[in-house]
Each structure stands twice: as structure tokens, then as C-alpha cells.
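Visitor: I've never read a protein model before. Could you walk me through one?

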Amino acid sequence: MNIEAKDGKARALTLTLAHSIVQTPIFMPVGTQGCVKALDSLDLAQNLNAKIILANTYHMYLRVGIERLKAFGGIHTFANFNGSYLSDSGGFQAFSLNQNVKLNENGVEFKSHIDGSKHFFSPSFVLDIQYALNSDIMMVLDDLVGLPASETRILDSIKRTTEWAKASLEYHEMKKSQGKATTNNLFAIIQGGTSPKFREISATSLVNLGEFDGFAIGGLAVGESSEEMYSTISHTIPFMPESKPRYLMGVGTPENIIEAIYRGVDMFDCVMPTRNARNATLFTHFGKINIKGASFANDTSPIDEKCSCYTCQNYTRAYLCHLFRSQEITYHRLASLHNLHYYLNLVREAREAILQGAFAAYRQNFYQLREMEVPNEY
């Protein structure tokens, strides 16, 4: 990892991974089941120039399995995407998709949401799945807490997350000592709710375990306010190593991303751009529009006059409105291409502003175009 520039707390990094060079700030499109919904690998590489995307360990394990992934040599060959992959631990899905989840000190037992079969995720087994994926970046198994939660539950989560992270690091170090997993980077996940004290405890405990390749802030965008999110990020960042990438998991809106970059975060993922696209919400430099509205039926302009994406260069708002109202599958591709291009361009522009020492002005302009107030410091 190289720090190319800093502007206030905002950072521009270069990450050299096995399958790509990633320049931050970066947004990672979410490819839950080995693909970004409605798009293929050529869309990602050629139309979006995406260098890294996210794959979901839980879904790839249940749908494809370790042996098939190994037979293909990992997800890159299986999905024909030559860029990098970050894989989550699958813990969030194990917790959120199942009613009967049992936690213990060794991991999480759950039933498949597909066929009801029983499975057990331990820290080492989750890494075995990610080794089979051959992920460039792997996440440790963590104990996610929904908010609000009691102090006892949050402290229990921190303790369990730390223990699992320790087991994950020891397992990963053992693999590397055997000459394996040398290109798979391991990130730890900080928990702690919205409490500055608990975030400090979690971050400090993880940093003291040893040399993780990066650190993530987990457990946000789960119902707390934007102010609580920004405050939590501001309180957590000082306890995260300067020399490691910082990843904010599952966040979020364009505003969330700009504010997190402003506070020192480097990496992001979220289903919002593709999910919102499929539901008629499109992002622009001037805010969101709902393309199914009757006002767009005869609109000959592109989705966003300032956008250079494939969709905006070739199609009108009127055509997108028609496709959505007609329930045409083509709509999902064109809308998803636009929204993901918007997000990827947002972080590229932020990087350029940081390199030029002009991120404060970029942030100000971002809100001016939307006619929004710049958020207060928290």
C-alpha cells in the first residue's frame, strides 16, 4: 500500500493486489452470487472499468461450493472477471437470512435459506471458502450486532469478534508458512455500535493482535442516523493504522461516501446503486430522480447531463422511462450501468481532488449541486 496524497483526513492510496492495482478512494460493486445483478464481466471491465468487486462467501458456498470453486481455480476464472475480488465473511447473511442461528465461541451454526440444511461457519472454515474463491481481500468472521443493542450484547460482540479475528489471523499465518495464501489479504472488522468507547476497545484489540492487511468498520448503516454514523467514523478512524487500508462496509448513499472519505475512509461497497436502479431510482450530480415518473416520458435529455456513462451517451430519459414502465429486462442493465458509473466516477473525482489538495472544495461543490447543506462536524 502506498499513500499517494493526503488532504486533511482524506487519503489517496494505491493498493497492489494480485489481479489489479486499485486506486482509492474506491467503490466496489456488489456481485453477491458471482455477478453484479444485470451485468456481465465485460460490462464491469469495459463499460465501468471496475478494478475490484465484492463476492459473497455465504452465497458462493451454498450455491457453488468449495470443490467446484477449487476446480475452476477460483472465482476469477469461474466468473471470467480479471479484476480483483473482495469477499465478505458470510457472517452477515448467516445472521440476517436465518431465524435459527446459534452462536458459540467457535463460530455460527445456521440453516441454509435455500434448502434448510445445517451448516457451521468457523473462522477457519470461512477462510477456506475464501481461499477457494482465491479472493484478493478476505474478511474475517465477525459477530454483527443490529442496533439498538444493549451494552452487554455489544461487549459480547467485541469479545467474540476479537477472538475470531485472532483465530483467523493464526490460521492465515499458518497457511502462509506453508507457502499458500500468499496473495490473499486478510482484513479485520471493527465492531462496537455507535459508542466511541466500544469502537476504541474493538479497534485497539484488533490492532494489537498482529499484522492484518487492512481494517474495516462494520456494524453501521443498520438503522442509525447519518449523524451517528459520521460521529462513529470520526471516533474510530484515529484507532485504525495509518499504514493500512480502511474499509467502511455496506455504506451507502453518495453523501455517506463523501463524508466518510472526508473522515479518512478508503474503501466502500453497497448494493444501493444496483438495487435502486432496479427500482427506478437513478443518481445524478444534482440528486436522485425517479425515472418512472410521467414527467420523463417525453424527456429527450440523458439521465445526467454531466455523466459520460454508456447509458447517458446513448439513451434518453424517455427511453429509460419507457423500458421501466414496460418491465423490459434491458432497463435493469442500462440503469445499473448508469448508477454504478456514477458511484465509480464519484470516488475517482474525489481521488483527483485529494491529489490536487482540493477535496474541501470538491465536497462543497458536491452539496451545492444538490442544493444541500454541508453536514456539520461530529
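Visitor: Let's start with the UniProt annotation "binding site": which residues does it cover?
Guide: Keep in mind that this is a predicted model. According to the unreviewed UniProt entry, the "binding site" annotation takes in C307, C309, C312 and H338.

Visitor: Is C312 buried or exposed?
Guide: The idea is to check the relative accessible area: under 20% counts as buried. C312 comes out at 8%, so it's buried. You'll find C312 in helix α12, residues 310-314.

Visitor: And what does C312 touch?
Guide: Leaving out residues up to four places away in sequence, C312 touches P302, I303, D304, C307 and H338. Two of those, C307 and H338, are also in the annotation.

Visitor: What about H338, buried or exposed?
Guide: H338 has a relative accessible area of 0%, so it's buried. H338 sits in helix α14, which runs over residues 329-355. Setting aside residues up to four places away in sequence, its contacts include L282, F283, C307, C309 and C312.

Visitor: Now the strands. How do strands of a sheet pair?
Guide: In general, strands of a sheet pair through backbone hydrogen bonds, and they can do it parallel or antiparallel. Here, nine strands make an open sheet with parallel pairing, in the order β4-β15-β14-β13-β12-β11-β7-β6-β5.

Visitor: Which are the edge strands?
Guide: Look for strands that pair on one side only: those are β4 (26-28) and β5 (30-31).

Visitor: Last one: at what angle do helices α9 and α10 pack?
Guide: You compare the directions of their axes. For α9 (residues 226-236) and α10 (residues 254-262), the angle is about 25°, and the axes are 10 Å apart. Angles under 35 degrees count as roughly parallel, so α9 and α10 are roughly parallel to each other. The crossing of α9 past α10 is right-handed.

Visitor: Which residues meet there?
Guide: From α9 come S226, M229, Y230 and I233, and they meet E255, N256, E259 and A260 in α10.

Conventions:
Residues numbered from 1 in each chain as written. Predicted model: local features only at pLDDT ≥ 70, side-chain atom pairs only at ≥ 80, totals over all residues. Heavy atoms only, no water. UniProt positions renumbered as here; feature names shortened; annotations may be inferred. Helix = DSSP H or I, 4+ residues; strand = E, 2+ residues; numbered from the N terminus. Buried < 20%, exposed > 50% of the residue type's maximum accessible area, 1.4 Å probe, protein only. Contact = heavy atoms within 4.5 Å. Pairing = 2+ DSSP bridges. Axes fitted to C-alpha atoms, helices over the stretch in contact; angles between N-to-C directions. Parallel < 35°, antiparallel > 145°, perpendicular 65-115°, else oblique. Left-handed = near helix turned anticlockwise from the far one by under 90°.
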